[in-house]
Amino acid sequence: MIPTPYAFTLALQSMIREKWINILSVLSIGSGLLIISLALFSVYNIDAATRSLPEKFSMVLYLDKDINKENVDSLVSALKKQGAVHSVRYIPKEEAMRELKAVLKNSSYVLDGLEENPLPDALEVKLTRDVVGPEAVKRLADEALKIKGVKEVEYAEKFLSALHYLKVGLKTIGIILIATLSTGIVFVCYSTVKILFYRRKEEIETFKLLGATRGFIRTPFLIEGAVIGTTGGILSLVGIFVFYYLVLLRLSVAMPIFKMILFPSTLFLPLPFLGMFLGMTGAAIALGRLRY
Amino acid sequence: MINFSGVTKDYDNITAVKDLTFFVDKGEMVFITGPSGSGKTTVLKLIYYAEQPDKGTISVAGWDTEKIKESDIPFLRRNVGVVFQDFRLLDNRNVFENVAVALRIRGVNEKEIRARVFETLKSVNLRHKADAYPLRLSGGEQQRVVISRAIVANPVVVLADEPTGNLDPVTAGSVMKTFKDIHAKGTTIVIATHNRELYKNSGKRVLRLDTGVLVGEEIG
């Protein structure tokens with residue numbers, strides 16, 4: 001169905017004639033898309049902030065006291081063969097003691113009374129970013145414990161779980177919010193087109209009796225839905241840019257923490273197209289349900 | 001051109017048209033007459049498929065009601081120009097646009113629309129009212145706008161429902177002259193009227209209806 005210039009004329013006439021209904025719809029759609037944008041903006045920034053945390057994560061394998069150098073080497077090479085392992089560092093107990101003293105600094109005298117080094121040799125295992133999830137790490141830790149020579153495995157289980165559930169939770173909230181608001185926007189367009197249709201019912205009836213096809217009648221409403229949605233999208237795009245450049249950037253002068261916030265401008269550029277799609281979807285549903 | 005065969009149409013147990021059989025030849029001008037409620041308007045509505053028959057078959061310009069698909073109805077209507085009893089003019093559009101809409105629906109280009117609309121308005125002496133809005137026109141002028149809209153696309157059949165219903169005798173005469181001119185060009189015309197003056201001495205066929213039944217046929 002190719003829209004004729006007259007379909008655009010009819011849509012434009014209707015938009016001017018019913019300007020208040022259309023303005024109200026544009027504002028509703030713009031607000032909805034702005035909330036979606038803010039949700040995306042928040043999720044993006046939290047995701048960016050937590051993205052580098054797994055790289056700092058490591059698993060420590062404490063080794064048996066009587067393990068010899070050959071056994072350690074074969075253990076390291078066995079671990080390195082695992083796809084989930086990024087790197088393995090051997091920490092002899094002497095190095096571990098030095099590190100402990102460095103950490104304790106002025107309080108290192110507490111270690112002076114020790115006759116022998118109680119710390120075991122250890123392996124520090126760094127994992128690839130994709131694997132750092134609570135279940136995968138636990139599975140890996142269980143497997144490592146089964147290896148001969150490994151006495152104990154230590155990793156930040158609670159931290160990993162918290163991080164994992166924070167991400168999953170945020171993603172879920174984001175998806176629910178986007179789905180709910182998108183449905184709301186479609187419903188706004190659906191209702192608007194339905195109202196506009198009823199207000200032009202006489203005219204449509206006349207068009208039909210003069211030989212208008214369904215396409216001729218439908219197209220101006222689809223155009224109107226698309227224009228309403230696109231305008232709402234542009235409005236939300238302007239809103240999110242204004243929010244960042246006029247609010248957050250100014251705030252960052254006074255509060256440096258806001259300087260950490262990232263603004264993924266390209267993520268928001270499709271907003272007018274999203275608005276157009278939602279607007280046309282609402283219009284199409286309305287026209288599909290109307291009897292004419 | 002138009003063929004009714006045993007057509008019956010009911011509205012909520014009220015029979016508007018009963019077992020109606022008649023034909024109208026190509027290029028013929030026919031009057032359908034009868035008192036109010038005799039089924040004249042229903043017959044016209046059946047012709048342009050605003051109503052569908054409960055029984056019988058109707059054939060209009062090659063379209064058969066038994067075979068027609070819903071998507072074909074607009075194309076049937078493009079062959080039929082209708083002068084509605086209640087005019088159905090679009091009050092928020094001027095005379096030019098009211099007439100042009102019949103061509104826009106058919107996808108005619110803008111240049112041709114302008115030429116044909118002005119030519120048609122000229123033929124009904126309304127060229128000077130092209131920019132006026134319907135509510136600013138007299139009843140006779142509105143009627144002529146409706147006629148212009150019905151004929152501007154050169155349909156093969158023109159239907160007119162009480163075309164002189166609210167007009168004074170002089171204006172009614174002018175409207176009838178317009179129909180005669182259109183008919184002279186070979187267009188088939190069906191006029192539903194209860195006004196005897198319109199068909200008296202016309203020399204045209206007159207179908208007389210009463211309570212939905214064809215009760216007589218004569219030459220006016």
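Start by selecting Glu217(B), which is partly exposed, with a relative accessible area of 47%. The model is predicted.

**Stop 1: strands β9 and β10 of chain B**

Arg205(B) and Glu217(B) form a salt bridge, with their closest N and O atoms 2.8 Å apart. Arg205(B) sits in strand β9 (residues 205–210) and Glu217(B) in strand β10 (residues 213–219) of chain B, so the pair ties together parts 12 residues apart in sequence. Is Arg205(B) buried or exposed? Arg205(B) is buried, at a relative accessible area of 11%.

Stay on these strands and select Glu218(B) and Arg208(B). They too form a salt bridge, the closest N and O atoms being 2.8 Å apart. Glu218(B) belongs to strand β10 and Arg208(B) to strand β9 of chain B, so this pair ties together parts 10 residues apart in sequence. Glu218(B) is partly exposed, with a relative accessible area of 30%. Arg208(B) is also partly exposed, at 28%.

**Stop 2: Arg199 and Glu18 of chain A**

Move to chain A and pick Arg199(A) and Glu18(A). Their side chains meet in a salt bridge of 2.9 Å, N to O. Which parts of chain A does the pair tie together? Arg199(A) lies in helix α7 (residues 157–199), and Glu18(A) in the loop between α1 (5–17) and α2 (19–51), so the linked parts are 181 residues apart in sequence. Colour the two by accessibility. Arg199(A) is exposed, with a relative accessible area of 55%. Glu18(A) is buried, at 12%.

**Stop 3**

Select Arg17(A), Arg200(A), Glu203(A) and Arg93(B). A network of salt bridges links these residues. Over all chains, the salt bridges number 21.

**Stop 4: the cavity**

How many cavities of 30 Å³ or more does a search of the whole structure find? The search finds one. The largest cavity holds about 60 Å³ of space.

To see its lining, select Leu209(A) and Leu210(A) from chain A. Strand β6(B) gives the most, with three residues.

Finish by colouring the lining by residue type. Seven residues are nonpolar, one is polar and three are charged.

Key: Residues numbered from 1 in each chain as written. Chains lettered and ligands numbered in written order. Predicted model: local features only at pLDDT ≥ 70, side-chain atom pairs only at ≥ 80, totals over all residues. Heavy atoms only, no water. Salt bridge = Lys/Arg side-chain N within 4 Å of Asp/Glu carboxyl O. Helix = DSSP H or I, 4+ residues; strand = E, 2+ residues; numbered from the N terminus. Buried < 20%, exposed > 50% of the residue type's maximum accessible area, 1.4 Å probe, protein only. 1 Å grid on protein atoms, 1.4 Å probe; cavity = no way out; pocket = protein on both sides within 12 Å on 5 of 7 lines; lining within 4 Å. Points joined across faces, edges and corners; volume = space filled by probe spheres on them. Nonpolar A, V, L, I, M, F, W, Y, C, P; charged D, E, K, R; others polar.
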